[in-house]
Amino acid sequence: MKYVFVLLFLLMSLFSCSEKDLVRRLSVKDKVSEFSDTLFLGRVKNLLTYNNDIYFVEQYRNQIIKLDSCLNLKGLIGRMGEGPEELCNVSSFIIDNDIIYVLDAGCAKLISYGLDGNIIARYRLSEKVGLMPEFRFVVLGNDYMEMSVTDRRGAFGKMKLQSDSVSYWGERTLFAHTDMEYVRNGRYLFKSSSGYVSISDNE
């Protein structure tokens, strides 16, 4: 009987090792080991490309870094601070129709920039809306911003940028506990030609 268990164990081990995981090897196309002394990248997030340029948030600087396709620095967008034209806590940004929309969650505002880094417009955001700024948002024609909210009236809030008016849309996922419903209803929002795509970070 002991030999049967040993034989069974060996067969199970043999079959469990027979599956191969597909491994895709990646190679480095371009890299840069250092920038000038004035640019230190310590905490990078929200990386995207637009018109062959690379954009990302550098959280310690509270700026958008712009690189060309060869990883050369092309510009810094935004300036750190708490003034009306400054950024105190950049949470995310999007680029749409050559306009960079930067969400400053720390100072409750949205600032739009041209691709050259010059400010186009500034919008104060109502703190009563309950935005979830860690998730991707959508801007509709410089008039409305839509993103995940904590309000139980909908999954997303549609805020008019020139006023405090808000409407809610989308179904929230219900959970057994209120705190779970609050924490787990955030979604990344994307606009396509045929509608919206929303992606949960936990479902």
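Which residue in E4 is the bridge partner of Lys 66? I looked it up: the partner is Gly 75.

**Ground rules**

I am working on a predicted model, where local features need pLDDT of at least 70, side-chain atom pairs count only at pLDDT 80 or more, and totals for chains, interfaces and linings use all residues. I number residues from 1 along each chain as its sequence is written, and side-chain values use heavy atoms, with hydrogens and water left out.

I take strands (E, at least two residues) and helices (H or I, at least four residues) as DSSP runs, numbered from the N terminus. I call two strands paired if DSSP finds at least two bridges between them. Strands of a sheet pair through backbone hydrogen bonds, either parallel or antiparallel.

**Entry: E3 and E4**

E3 covers residues 63–67 and E4 covers residues 73–77. They run antiparallel, joined by 4 bridges. Their hairpin has 5 residues between the strands. I checked phi there: Leu 71 takes a positive value near 70°.

**Entry: Leu 48**

I found Leu 48 in strand E1, residues 44–50. I listed its contacts (heavy atoms within 4.5 Å). Not counting residues up to four places away in sequence, Leu 48 touches Asp 53, Ile 54, Tyr 55, Phe 93 and Ile 95. I then took the pair Leu 48 and Ile 95. They are 47 residues apart in sequence, and their C-alpha atoms are 8.9 Å apart in space.

**Entry: sheet E5 to E8**

I traced an open sheet of 4 strands in the order E5-E6-E7-E8, with antiparallel pairing. E5 (90–96) and E8 (119–124) stand at the edges; each has a single partner strand, so one side of each is left without a neighbour in the sheet. The twist averages 15° from one strand to the next. For such angles, axes are lines fitted to C-alpha atoms, for helices over the stretch in contact, and the angles run from 0 to 180 degrees between N-to-C directions.

Inside this sheet I looked at E6 (residues 99–104) and E7 (residues 109–114). They run antiparallel, with 6 bridges between them. Ile 99 has Gly 114 in E7 as its bridge partner.

**Entry: disulfide**

I searched the whole structure for disulfides (cysteine sulfur atoms within 2.5 Å). The search finds 1. Cys 88 and Cys 107 form the bond, with their sulfur atoms 2.0 Å apart. Cys 88 sits in the loop between E4 and E5, and Cys 107 in the loop between E6 and E7, so the pair ties together parts that are 19 residues apart in sequence.

**Entry: sheet E9 to E12**

I traced another open sheet of 4 strands, ordered E9-E10-E11-E12, with antiparallel pairing. E9 (138–140) and E12 (166–169) are at the edges with a single partner strand each, so one side of each has no neighbour in the sheet. Here the twist averages 25° from one strand to the next.

I went through the pairs. E10 (residues 144–148) and E11 (residues 156–160) run antiparallel over 5 bridges. Tyr 144 stands opposite Lys 160 in E11. E11 and E12 also run antiparallel, joined by 4 bridges. Met 159 stands opposite Val 166 in E12. I noted 5 residues between E11 and E12 in their hairpin.

**Entry: E13 and E14**

I checked E13 (residues 187–192) against E14 (residues 195–200): antiparallel, 6 bridges. Tyr 188 stands opposite Ile 199 in E14. The two strands form a hairpin with 2 residues between them.

**Entry: cavity**

I ran a 1 Å grid over the protein atoms alone; a cavity is a set of points where a 1.4 Å probe fits but cannot get out, and lining residues have an atom within 4 Å of a point. How many cavities of 30 Å³ or more are there? The count is 1. The largest cavity has a volume of about 50 Å³. Its lining includes Arg 124, Val 129, Met 159, Lys 160, Asp 164 and Val 166. By class, I get 5 nonpolar, 3 polar and 3 charged residues.

Key:
1 Å grid on protein atoms, 1.4 Å probe; cavity = no way out; pocket = protein on both sides within 12 Å on 5 of 7 lines; lining within 4 Å. Points joined across faces, edges and corners; volume = space filled by probe spheres on them. Nonpolar A, V, L, I, M, F, W, Y, C, P; charged D, E, K, R; others polar.
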